[in-house]
Amino acid sequence: INYKFPEGFWWGSATSATQIEGAAEEGAKGKNIWDYWYEVEPNRFFEDVGPKETSDFYHRYQEDIQLMKEIGHNTYRMSISWSRLIPGGRGEVNPEAVAFYNKVIDELLAKDIEPFVNLFHFDMPLELQEEGGWESRAVVDAFVDYAKEAFRLFGDRVKKWFTFNEPIVPVEGGYLYDFHYPNVVDAKRATQVAYHTAIASAKAVEAFREFEIKEGKIGIVLNLTPSYPRSNNPADLRASRIADLFFNRSFLDPAVLGEYPQELINILEEHGQLPVTEKGDKELLKQNTVDLLGVNYYQPRRVKAKEHLPNPYSPFMPEWFFDHYEMPGRKMNVYRGWEIYEKGIYDIMMNLKENYGNIESFVSENGMGVQDEHRFLKDGEIQDDYRIEFISEHLKWLHKAIEEGCNAKGYHMWTFMDNWSWSNAYKNRYGFVSVDVKTKERTLKKSAHWFKQVSNQNGF
Ligand code: BGP
């Protein structure tokens with residue numbers, strides 16, 4: 001074995017409720033924005049499969065957890081569907097949902113797979129979105145109530161909790177770049193949404209501490225996209241620094257350091273984009289930083305100085321401050337159109353070590369989406385050698401970071417089984433396990449067997 005990982009390393013994968021559960025109209029679940037959007041604008045979505053069915057984990061969780069066991073998972077991240085646990089987002093908990101999540105958690109524990117539970121993975125209950133979603137401070141309070149219910153119901157068995165997955169994505173998708181509901185372009189509203197999400201996370205952390213869950217830890221999962229400048233000239237460096245402020249530090253700093261970077265505040269202030277805040281917010285953020293950080297890493301951001309001044313009449317956008325840079329010769333995942341840069345994982349971890357108190361962390365998502373993956377089917381199994389290479393190259397860099405003192409505790413692949421993705425549906429397949437969309441039949445891919453070995457040997 002060339003790459004041995006520390007004792008007790010977390011090997012597993014991540015999923016989210018909306019992407020795998022299906023049964024969106026069963027078990028007394030309420031509607032969330034995805035159920036709604038798919039209903040009213042089906043043409044936005046790649047395929048004729050919606051959140052209603054997805055991979056049907058709701059009915060097949062036993063079989064799936066058995067497969068997790070078979071492929072060496074000792075940990076697994078899932079999310080609770082807010083609109084399943086509390087239909088409508090506020091009020092009584094739904095006993096059918098409690099029963100379902102209890103069964104899933106108990107089944108995982110019975111198989112020695114530690115559940116990591118995330119509270120919010122893009123799935124705002126529809127009624128709360130109609131009140132303004134994260135733009136509304138009242139929705140922040142509703143979220144904290146939901147979080148408390150979850151801690152109360154499952155905190156006796158679940159020890160690792162996460163407030164949000166990639167909170168910047170609903171900001172970008174819903175309020176800047178048109179890929180999440182309510183798909184508007186308005187930076188001021190985006191800033192408010194981002195701010196309220198950070199406040200909601202801190203308030204959930206505060207509530208979590210009151211529960212005094214034995215050995216409990218609370219974290220957040222952030223998609224960090226290291227920002228690389230085209231060159232070392234000052235204009236490129238500045239562009240890259242600002243992209244980093246907008247897309248990484250806007251959540252990383254408040255969650256881990258308990259405050260926003262001054263430079264970000266200055267930029268927003270100068271352009272009249274500051275959010276509405278309340279008295280006491282600063283202290284709230286300062287006192288409720290996370291214990292644990294999940295890092296989702298797919299691709300870096302390459303940046304160069306803005307070549308033309310922004311049109312002063314165009315709406316304020318982060319892109320006022322930089323241009324994207326297509327570096328010649330960069331390595332691409334041709335099946336998804338994303339850059340592959342394995343060293344990014346090392347750079348992220350070293351940054352956490354040097355600038356974020358070496359916070360306890362893990363890779364909470366990393367993976368490779370592939371279109372038309374069935375073309376790699378041979379002898380009844382998808383021969384996904386490209387995925388094995390992708391994972392192992394990232395693991396090498398993670399290993400190096402750990403050797404150099406980073407506090408990284410695990411690696412979760414995105415994702416356990418092929419799942420339904422936000423607007424792409426089943427176009428890009430990511431799983432260790434392939435899913436036949438029609439029959440829902442599960443089959444291990446080659447990478448699943450490989451991962452089992454890695455996990456069993458704690459290295460490769
Ligand atoms: C992350 C999300 C996941 C997942 C993944 C793959 O941003 O946390 O939910 O979808 O990206 O992206 P996609 O499905 O768009 O290819």
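**The largest pocket and its lining**

Helix H8 provides the largest share of the lining of the largest pocket, 3 residues. Helices (H or I, at least four residues) and strands (E, at least two) are DSSP runs numbered from the N terminus. This is a predicted model, where local features need pLDDT of at least 70, side-chain atom pairs count only at pLDDT 80 or more, and totals for chains, interfaces and linings use all residues. Residues are numbered from 1 along each chain as its sequence is written, and side-chain values use heavy atoms, with hydrogens and water left out.

By class, the lining has 16 nonpolar, 16 polar and 10 charged residues; Ala, Val, Leu, Ile, Met, Phe, Trp, Tyr, Cys and Pro count as nonpolar, Asp, Glu, Lys and Arg as charged, and the others, Gly among them, as polar. H8, helix H10 (234-257), S8 and strand S11 (338-339) each supply at least two lining residues.

Strand S8 (residues 301-304) holds Arg-301, which is buried (under 20% relative accessible area, 1.4 Å probe, protein chains only). Arg-301 has no salt bridge, meaning a side-chain nitrogen of Lys or Arg within 4 Å of a carboxyl oxygen of Asp or Glu. The nearest side chain of opposite charge to Arg-301 is Glu-172, 4.3 Å away; Lys and Arg count as positive and Asp and Glu as negative, while His and the chain ends are not counted. Leaving aside neighbours within four places in sequence, Arg-301 is in contact (heavy atoms within 4.5 Å) with residues including Glu-172, Tyr-228, Phe-247 and His-324.

Technical notes
Buried means under 20% relative accessible area, exposed over 50%, partly exposed in between (1.4 Å probe, protein chains only).
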